[in-house]
Amino acid sequence: MKSFLVLFFTLYTVSVVFAETCQKPEVVASAYVTEDATVLTKVAFTTQFTLKCSNGVKGISLYAEVNGKALPAVKLSADNKYQVSWTEDIKKVHSGDYDVKLYDEEGYSAIRKAYRNAEDPSSVKPLAVVVVNNPGVYQGPWINSELLAVILAALVSYAAFSAKSKLLA
């Protein structure tokens, strides 16, 4: 058993030492945000991005953090294409930019440690940041069509009865 543990820790140490990190990352991203929320309770955010590293590293595990929420970045293809998706309650959603901070395994560990120790997570530098713009969510008209119909019917009735009383007088 002891030799197994020694072998395990040796392999782990070698993998950590030789694990490459992404140098000078470049991110090309596109995003989708639910814009019509008339029958929904949550708004969906999705961003797809391609990560290019100057040292040619491919296939690294990425994690994202949005508004204090940690999320995995799903690898879509072998050419470093990833996707991050999350949902927010309609009452908490604001229009404007959302920063999706991307971390490799080392950065993600540092973020988790900062949250666990109640430290400031902004001290951990992200690998890259993707900005997702939310133009706003349509939640329906200000006045329901039924209420508008009742108001118009009342106005027409008032106008009709006023005209009738003027004719009979």
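A nonpolar core is taken here as a set of buried Ala, Val, Leu, Ile, Met, Phe, Trp, Tyr and Cys residues joined through side-chain atoms within 4.5 Å, where buried means under 20% relative accessible area, exposed over 50%, and partly exposed in between (1.4 Å probe, protein chains only). The model is predicted, so local features need pLDDT of at least 70 and side-chain atom pairs count only at pLDDT 80 or more, whereas totals for chains, interfaces and linings use all residues. Residues are numbered from 1 along each chain as its sequence is written, and side-chain values use heavy atoms, with hydrogens and water left out.

The largest nonpolar core has 26 residues, and Trp86 and Val100 make the most contacts inside it. Two or more residues come from each of β2, β3 (63-66), β6, β7 (96-103) and β8 (128-134); strands are DSSP runs (E, at least two residues) and helices likewise (H or I, at least four), numbered from the N terminus. The biggest share, four residues, is given by β2. Leaving aside residues up to four places away in sequence, Val100 touches Ala64, Glu65, Val66, Val84, Trp86, Ala128, Val129, Val130 and Val132, a contact being heavy atoms within 4.5 Å.

Aromatic rings are worth a look next. Four aromatic pairs are present; rings of Phe, Tyr and Trp (its six-membered ring) pair if their centres lie within 6.5 Å, and planes under 30 degrees apart count as stacked, over 60 as edge-to-face and the rest as tilted. Phe45 and Trp86 are stacked, at 4.9 Å centre to centre with 5° between the planes. Because Phe45 lies in strand β2 (residues 42-52) and Trp86 in strand β6 (residues 81-89), this pair ties together parts 41 residues apart in sequence. Phe45 is buried at 0% relative accessibility, and Trp86 is buried at 5%. Phe49 and Tyr82 also stack, since their ring centres are 5.7 Å apart and their planes at 20°. This pair, too, links distant parts of the chain, with Phe49 in strand β2 and Tyr82 in strand β6, 33 residues apart. Both Phe49 and Tyr82 are buried. Ring pairs also join Phe45, Trp86 and Tyr98 into a cluster.

Leu148, found in helix α3 (residues 145-168), is partly exposed, with a relative accessible area of 43%.
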